[in-house]
Amino acid sequence: MKLYSYYMNKYFVSFLCACCCFFYFSCSKNNVVESISETELFTLNYGNFEEQLSISDLNTVGEVRYGIVMKDGFFYIVDGSSKKTMELNSYGDLLTLFYNEDSQTKELLEKSTQNPLSVRHQLGFPFDYPGKIAVDSKKCIYTVCTIPRNRQEESENGLLYSQAVLRFTRDGSSVEYIGQQGPGGTPFPYIRNIYTTEKDELVVVSNSNEGMIIYWFTSDGFLKNMIPINSKDVPTDDIPETSNEIYWSLENVIPDTVENRLYVKIDYYSSYLDEESRVQSGINYLQTLLYPLDTETGLYGEPVSIPPYEESVVVDYSRLTYKIPYDFLGVTKNGWKYFIIKTEKGFNIEMIQNESQRILRRQFDINHEDNLFYTMSVSHEGIITALYIDKNKARVVWYRTDTLIDAILKS
């Protein structure tokens with residue numbers, strides 16, 4: 001792919017403007033990041049019945065398989081251990097249940113004498129579910145599934161094609177799986193995450209041996225674009241000059257919800273030399289850049305610098321400040337990019353809109369000692385929804401960062 005190079009003075013001015021906006025909007029006089037309160041919507045008990053979550057995965061080695069997404073005030077939770085997907089309202093009432101034909105949930109429902117409180121739909125695909133989920137405006141539900149081992153494929157370079165995306169309608173009238181080419185296509189390599197756009201297009205972000213592969217589908221499920229991103233070919237023209245060796249990490253890729261555009265987050269590092277021995281003894285974090293990538297032309301646009309999270313510690317009466325890159329969480333339809341990092345007190349969230357050069361930072365307080373697992377997602381409107389698997393129960397909460405942004409912009 002053709003890479004653009006940019007003048008550093010222009011980039012530096014943009015960065016200064018962004019920093020000024022950050023301090024104006026995000027900090028109080030003592031530079032303390034304000035907290036934003038969570039709203040607990042409902043809780044779920046642990047167990048194997050239809051309205052409960054199974055937590056058997058927490059006692060085994062491997063990926064914890066839960067996922068949550070919110071769409072138009074309805075909540076969709078995939079429980080990979082029980083092979084089921086639940087649709088709930090904001091009070092926690094179970095509206096619709098989708099369950100696998102070979103799951104324990106099916107056996108329990110057949111033995112139950114209780115009248116069903118929800119609409120139940122059986123999915124005729126004997127797949128496992130890793131816990132990734134997305135929903136479009138038509139309430140079509142997409143979940144990542146791992147296909148049976150005898151249907152998995154391995155390439156010559158050792159890449160395993162083992163996953164697909166199961167798509168089903170809210171009323172259960174249509175159920176199909178989507179592969180690389182579309183409905184019924186060949187499996188994907190490991191899927192990092194899935195997304196839907198404002199046009200109800202599905203975007204699948206998969207791993208590859210060289211980096212990532214993004215599959216962009218039309219609203220009817222057929223392949224529109226396949227965009228490979230090679231870690232060796234990412235832009236390096238915008239990093240600071242240094243005599244040390246430069247390293248970079250392709251951390252995440254998330255699609256724009258409106259335009260045919262991807263946002264590629266890259267973390268840059270440099271080698272660290274011991275001053276006395278002049279021997280490389282580690283690496284230093286340099287900076288994070290977020291590049292827009294046009295899916296039609298394959299060209300990178302001008303990057304945006306993502307300020308890191310800074311944490312200070314006192315060692316031998318000296319204060320040391322460490323810079324840590326945020327994780328890329330999501331993008332809203334208004335162009336706000338969300339970044340998050342786990343801290344001692346909870347989570348720090350950083351929200352950036354590069355078009356207006358605004359940066360906001362807030363803190364979510366949570367007791368990590370009570371929390372066993374968490375998963376989060378950002379709606380197109382900018383609402384963060386979280387599923388917290390705590391010791392005694394599961395909690396579904398949201399953070400109204402959308403109203404926070406609106407209030408600040410109006411003021």
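**Strand pairing and a buried lysine**

In strand β6, the bridge partner of T96 is V119. The model is predicted: local features need pLDDT of at least 70, side-chain atom pairs count only at pLDDT 80 or more, and totals for chains, interfaces and linings use all residues. Residues are numbered from 1 along each chain as its sequence is written, and side-chain values use heavy atoms, with hydrogens and water left out.

- Strands are DSSP runs of E with at least two residues, numbered from the N terminus, and two of them pair if DSSP finds at least two bridges between them.
- Strand β5 (residues 94–100) is largely enclosed by the rest of the structure, because 6 of its 7 residues are buried (under 20% relative accessible area, 1.4 Å probe, protein chains only).
- Strand β6 (residues 119–123) runs parallel to β5, and 5 bridges join the two.
- Strand β4 (residues 84–88) runs antiparallel to β5, also with 5 bridges; T85 has F98 in β5 as its bridge partner.
- A hairpin is formed by β4 and β5 with 5 residues between them, and G92 in the turn has a positive phi of about 90°.

**Lysine K84**

- K84 lies in strand β4.
- K84 is buried yet has no salt bridge (a side-chain nitrogen of Lys or Arg within 4 Å of a carboxyl oxygen of Asp or Glu).
- The K84 side chain reaches the backbone oxygen of Q52 at 2.7 Å.
- Residues that K84 touches (heavy atoms within 4.5 Å), not counting those up to four places away in sequence, include F49, I77, L97 and Y99.

Conventions. Buried < 20%, exposed > 50% of the residue type's maximum accessible area, 1.4 Å probe, protein only. Helix = DSSP H or I, 4+ residues; strand = E, 2+ residues; numbered from the N terminus. Lys, Arg positive; Asp, Glu negative; His and termini not counted. Polar contact = N/O pair within 3.5 Å; in protein donor to acceptor, adjacent residues only side chain to side chain.
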